[in-house]
Amino acid sequence: MALVYILIGIVAVFVWFWWAGDTLCPRCGTELTKEFGAPWQRSNRCSCGWRTGERP
């Protein structure tokens with residue numbers, strides 16, 4: 001049973017990293033704001049100056 005809990009924990013960590021990768025700025029790590037017109041999408045720019053398509 002302990003193996004099941006360990007596997008659930010590992011899967012949860014991978015899901016969290018996958019989800020957080022779309023919501024955090026790759027340059028500074030702060031959370032990207034939600035788009036005003038489409039709140040289910042994240043902004044393509046950050047306050048540190050990063051924009052989509054630029055390397056981190």
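At 54% relative accessibility, Thr52 is exposed, where exposed denotes over 50% relative accessible area, buried under 20%, and partly exposed the range in between (1.4 Å probe, protein chains only). The residue belongs to the segment after α1; helices (H or I, at least four residues) and strands (E, at least two) are DSSP runs numbered from the N terminus. The C-alpha atom of Thr52 is separated by 9.6 Å from that of Cys25, although the two residues are 27 residues apart along the chain. The model is predicted, so that local features need pLDDT of at least 70 and side-chain atom pairs count only at pLDDT 80 or more, whereas totals for chains, interfaces and linings use all residues. Residues are numbered from 1 along each chain as its sequence is written, and side-chain values use heavy atoms, with hydrogens and water left out.

The cysteines were examined for disulfides. A disulfide is a covalent bond between the sulfur atoms of two cysteines; here the term is applied to a pair of cysteine sulfur atoms within 2.5 Å. By this rule the count is zero. Cys25 takes part in no disulfide, the nearest cysteine sulfur being that of Cys46 at 3.5 Å. Cys25 is also buried, its relative accessible area being 3%. For Cys48, the closest cysteine sulfur is in Cys28, and the separation of 3.7 Å is too far for a bond. Cys48 is partly exposed, with a relative accessibility of 32%.

One salt bridge is present in the structure, the term denoting a side-chain nitrogen of Lys or Arg within 4 Å of a carboxyl oxygen of Asp or Glu. The partners are Glu31 and Arg42, whose closest N and O atoms are 3.2 Å apart. This pair links distant parts of the chain, with Glu31 and Arg42 both placed in the segment after α1 (2-23) and eleven residues apart. Arg42 is partly exposed, at 25% relative accessibility.

Thr23 lies in helix α1 and is buried, with a relative accessible area of 6%. When residues up to four places away in sequence are not counted, Thr23 touches Thr30, Glu31, Leu32 and Arg42, contact being defined by heavy atoms within 4.5 Å. Between Thr23 and Ser47, 24 residues apart along the chain, the C-alpha separation is 14 Å. For Arg27 and Arg51, also 24 residues apart along the chain, the corresponding value is 9.6 Å. Arg27 is found in the segment after α1 and is partly exposed, with a relative accessible area of 41%.

Ser43 is likewise located in the segment after α1 and is buried, at 7% relative accessible area. A polar atom of the Ser43 side chain lies 3.3 Å from the backbone nitrogen of Arg45. Apart from neighbours within four places in sequence, Ser43 is in contact with Leu32, Thr33 and Glu35.

Notes. A polar contact is a pair of N or O atoms within 3.5 Å; within protein, one must be able to donate a hydrogen and the other to accept it, and residues adjacent in sequence count only if both atoms are side-chain atoms.
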